[in-house]
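Please look over the sequence and the model shown below before reading on.

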Amino acid sequence: MDYRFQAGSIPLLVSMPHVGTDIPDDIAAAMTPAATGKADTDWHLVQLYDFLDALGASTLSARWSRYVIDLNRPPENTNLYPGQDTTGLCPVDTFHREPLYQEGRQPSPAEVERRLAAYWQPYHTQLRAELERLLAIHGKVVLWDAHSIASVVPRFFEGKLPDLNFGSADGASCDQAMTEAIAGVARRDERYTVAVNGRFKGGHITRFYGKPEQGVHAIQLEMCQSTYMDETAPFGYRADRAAEVQPLLRQLVQTAADWVRGGRR
């Protein structure tokens, strides 16, 4: 399968588009050693969110590495942050500008189209189908797009990123009251710094599928990896740090689920 999916019973779908680590052999053959480290993966999120099954949430997580194709970029490869540096639909370099492909072996436009059909589309087909299923049952649904990133990436932002970065496309992808409820829970836990629609406002998944007027409330959480793992290779999971942040993370997700089940739109 091109993804891992489990259907839940509550009006909540958690998407993890950047947890994949597989690279097909034919693509890997054209890549550099920098690609094999897969440093820009959203490491260990499935483990960090291992409480989702107990909550009854639906889950969708990627198999393929974002170096194959980025599931959180629009298919036409438009820049989600005009005027700011970002990686594209089929990235050609790492977050630290290391080339991912051997000289002259970057993907052609035809290869990008092939990857869209083979690797990008199946994830989005399943995502859309599950949103439609949950909407048919519940009338409204939360789409929680889960991400993590190294706390310091000079290419994209100055200094250290806040620990918890919520994005709602500047309020367009979900009801403002839901964002405020979730961010309020996060801010009451003074151990972690919080930003709302700061450097990260939500990627393609949040912006495209979030349609609060139709009952789909989409929000992205970009977490600093320093809150639960080692940020340097081999990118180990830190059970001690994870144990500290997991109860808060569960409370944040539960707040979203409770909000949408409370009859609000």
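## A bent helix

At which residue does helix 5 bend, and by about how many degrees? The model is a predicted one, and in it helix 5 bends by about 45 degrees at Trp120. A proline, Pro122, follows within four residues.

Helix 5 covers residues 109-138, which makes 30 residues. At 1.5 Å a residue it should span 44 Å, and its end C-alpha atoms lie 41 Å apart, which agrees. After helix 5 comes Gly139, with a positive phi near 85 degrees.

Seven strands form an open sheet in the order 1-3-2-4-7-5-6, and their pairing is mixed. The edges are taken by strand 1 (3-6) and strand 6 (194-196). Each of these has a single partner strand, so one side of each is left without a neighbour in the sheet. From one strand to the next, the twist averages 15 degrees.

In general, the strands of a sheet pair through backbone hydrogen bonds, either parallel or antiparallel. Here, strand 2 (residues 12-16) and strand 4 (residues 141-149) pair in the parallel sense, over four bridges. Within this arrangement, Val14 has Trp144 in strand 4 as its bridge partner.

## Helix 6 and its neighbours

Helix 6 (residues 176-188) packs on the sheet, where it touches strand 4, strand 5 (164-167), strand 6 and strand 7 (216-224). The direction of helix 6 makes about 165 degrees with that of strand 6.

Helix 6 also meets helix 8 (residues 239-261): their axes come within 9 Å and cross at roughly 155 degrees. Angles over 145 degrees count as roughly antiparallel, and helix 6 and helix 8 are therefore roughly antiparallel to each other. The crossing of helix 6 past helix 8 is right-handed. On the side of helix 6, the contact is made by Ala177, Met178, Ala181, Ile182, Val185 and Ala186. Helix 8 contributes Leu248, Gln251, Leu252, Thr255, Ala256 and Trp259.

## Backbone exceptions in the loops

Most residues other than glycine have a negative phi, and most peptide bonds are trans. Which residue has a positive phi although it is not a glycine? His44 does, with a phi of about 65 degrees. His44 is located in the loop between helix 2 (33-36) and helix 3 (45-48).

The peptide bond from Ala233 to Pro234 is cis, its omega being near 10 degrees. Pro234 belongs to the loop between strand 7 and helix 8.

Key:
Residues are numbered from 1 along each chain as its sequence is written. This is a predicted model: local features need pLDDT of at least 70, side-chain atom pairs count only at pLDDT 80 or more; totals for chains, interfaces and linings use all residues. Side-chain values use heavy atoms; hydrogens and water are left out. Helices (H or I, at least four residues) and strands (E, at least two) are DSSP runs, numbered from the N terminus. The expected span of a helix is 1.5 Å times one less than its number of residues. The bend at a residue is the angle between axes fitted to the seven residues ending there and the seven starting there. Two strands pair if DSSP finds at least two bridges between them. Axes are lines fitted to C-alpha atoms, for helices over the stretch in contact, and angles run from 0 to 180 degrees between N-to-C directions. Contact means heavy atoms within 4.5 Å. Angles under 35 degrees count as roughly parallel, over 145 as roughly antiparallel, 65 to 115 as roughly perpendicular and the rest as oblique. A crossing is left-handed if the near helix is turned anticlockwise from the far one by less than a right angle, and right-handed if clockwise.
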